[in-house]
Amino acid sequence: MAGLELLSDQGFRLDGRRPHELRKIECRMGVFAQADGSAYIEQGNTKVLAAVYGPHEMRGSKSRGLHHKVLINCQYSMATFSTGERKRRPRGDRKSQEMTLHLKQTFEAAIMTQLYPRSQIDIFVEVLQADGGNYSTCVNAATLALVDAGIPLKDYVCACTTGFVNDTPMVDISFVEESLGGPQLTVAVLPKSEQIVLLEMASRLHVDYLNKVLKTAVKGCKDVYVILDEVVRNHVAQIASSVGSE
Amino acid sequence: MEEKKKENLKRICIPGQRICRADTSNITGGKGTYTRQGYICASLAGYIHIDRQEKNSVIHVKRGIEQNVVPEAGSIVTVKITSVNPRVCKCSILCVEDTELREPFRGQIRKEDVRSTEKDLVELYKCFRPGDIVLARVLSIGDAHSYFLSTAEDELGVVISISEAGVPMIPGSAEMQCPKTYVTEPRKVAKVIPEHIAVEKKKA
Amino acid sequence: ANTDVLVGVKAELDAPESSQPNRGRLEFFVDCTANADPEFEGRGGEDLALGISSALSQAFSSSNCLDLCSLCVLPGQQVWLLYVDVLILECGGSLLDAVSLAVKAALMNTKIPAVTVNTTEEGSSEIEVSDDPYDVNNLEVSKVPCIVTLTRVGHQFVVDATKEEQACSIGHLSVAVTESGSLTAVRKTGSGSLHPESILDILQTAQEIGINLNQQLVEKVKLESSVKKDRRGFLT
């Protein structure tokens, strides 16, 4: 591989983490007043904002409405200054459209869609700074925003991107680790029921290693879950105390 | 009236968390819960509330703040009439039960759903005017455009109507009268039971 | 409701415009995110975004706002192109004013890497951009304007209008004011009409407020950059 050593002989990564260590995750729920639910999350230097609107009446073309369940409408966009090289357009490119589709599929599996027929839920995610693992950070942010909006979920959705270097899986890879090639596995799981709702792999990986990488990725998702869980519990308690619970 | 006891276990639960086994016959999951693999699980982040009734207890998960609702078949909604034509009257749904919606949903009251008797003699112009506030029940989620609503019950129909003189009119049996000009206008008036009004006022 | 905007400035080396070979370039890009309003989804926010970016370029069009000549590296060949990217996250009124403040603050914070130009033996020039993060130049922003919008509500004019005030107003006058009090741009928006006399009054008020606003902003940004604090995201 390129000149950079992604994993030192002592087992440390470029940013000093061990292979199974996540980056520092910090988040806040309810950052915007005008949205029904919102959240801001930082995973290392990857910073994402998510807003959720709904459930509300179908917007735009009525024909998109579904008779038996809610329509989940997503939009993934990246700030033009979020990447090292300036992006020309915040959304509408192939990559964003793919991300939008993935988000939609991921959350269709988690939201109890049958409760709101003929309505719509909007999930908008905005990447403010991109430093690897954009998709997983967006999923985590959107989960928090959905919980904040009070939309019934079967479970949380936690996501984690994992790389594989020198026979070692590395969780929550950063931009540098991402850009040096090598296989990348993104998974989103429902941590309580251990169901995988999204699985995507780029580049080449021997099938013998797949299980090992997948296991590490799922472990990473569960670590994310522990953090999100604490944030949500604090947030619920905070709301209750500010409203003055009955 | 059966005695209802409300209990507030100060316990936070989060989506996906198991609350209790679902197979015990005296407990059912209510709002904010769902059943998976024989367990009642939470689908919202909030506090657990248990409504204890004689035989059956219902578990709810409630958040501190109110949340978005959508009209469901059977629920009572408060609507504002937006347009009337001979066949159908269009309206926007403002409230579902006690919850005010953040943005209105579209609904319509068809001619045959205005009242339960003499359905064929209904003339929509003599039942509703644009701007009226009407109580109605959701019949079904309707076609692709709007919910179908019905006022075919005594308690449903127009509750607030402003006369041409700009003052709220006083309801009669099948008409409303303007207290300023004494003009009467025909309406499908809701027979709101006076006690209910009193209760509402006390609450507010 | 709050108004939240985020501004990022990126500098790139690029060819100058042929009409102005020895001046750097400034480009504004505004993105109204769907976070602010679901109506802005897809291309829904483009009209508003275009309005804001054109108002900004108008306010910065005066040649002495930002010293674009200092952004020139090699006349006619390479100049710095500053992309000012505005992200609108929440709109609760007085959007343009907030955007202009954020743009000025972002420009104050902008650091341009030092560049040395070496002439090779064949006479062609080589540009060397310093990669030392401390070998940087700041921009001169003392003449960068802030925009003050006065909104007509009834017969009165208000500054920093809320969304509700804007909704019931028929006319707005946006004035770009520099720290010294000179006006670089004036634009009237909205469907109503304004009387010339009231416009003169507005200009005077806007000038006073604008001077104050500029000073406050500079102080605030200086304070912000001097205090080293635990940064926990930019929304806290």
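How many residues of chain A are in contact with chain B, and how many residues of chain B do they meet? In this predicted model, 32 residues of chain A are in contact with 24 residues of chain B. Two pairs of chains are in contact, and of these it is chains A and B that share the most contacts.

**Contacts between chains**

- On the side of chain A that touches chain B, β3 (46–57) and α4 (207–243) of chain A each supply at least two residues, and α4(A) gives the most, with eight residues.
- Sorted by class, that side of chain A has 15 nonpolar, seven polar and 10 charged residues.
- Chain B and chain C, by contrast, are joined by no contact, and their closest C-alpha atoms lie 12 Å apart.

**The fold of chain A**

- Chain A has four helices and nine strands, and along the sequence these follow the pattern β-β-β-β-α-β-α-β-β-α-β-β-α.
- The radius of gyration of chain A is 18 Å, close to the 18 Å that the globule rule gives for 246 residues, so chain A is as compact as a globular protein of that length.
- Taken along the principal axes, the box filled by the C-alpha atoms of chain A is roughly 55 × 40 × 35 Å.
- Of the 246 residues in chain A, 53% are buried.
- When contacts in chain A between residues at least 6 apart in sequence are considered, 68% of them join residues at least 24 apart.

**A hairpin in chain C**

- Strand β9 (residues 146–153) and strand β10 (residues 156–159) of chain C pair in the antiparallel sense over four bridges, and within this pairing T151(C) has V158(C) in β10(C) as its bridge partner.
- The two strands, β9(C) and β10(C), form a hairpin with two residues between them, and G154(C) in the turn has a positive phi of about 65°.

- Most residues other than glycine have a negative phi.
- R118(A) has a positive phi, near 60°, and lies in the loop between α1 (94–110) and β5 (119–129) of chain A.
- R118(A) has 25 other C-beta atoms within 10 Å, and because 20 or more count as buried, R118(A) is buried.
- Y182(B) also has a positive phi near 60°, and its place is in the loop between β15 (175–177) and β16 (184–186) of chain B.
- Y182(B) has 9 other C-beta atoms within 10 Å, and because 12 or fewer count as exposed, Y182(B) is exposed.

Terms used. Residues numbered from 1 in each chain as written. Chains lettered and ligands numbered in written order. Predicted model: local features only at pLDDT ≥ 70, side-chain atom pairs only at ≥ 80, totals over all residues. Contact = placed C-beta atoms within 7 Å. Nonpolar A, V, L, I, M, F, W, Y, C, P; charged D, E, K, R; others polar. Rg over C-alpha atoms; globule rule 2.2 N^0.38 Å. Pairing = 2+ DSSP bridges.
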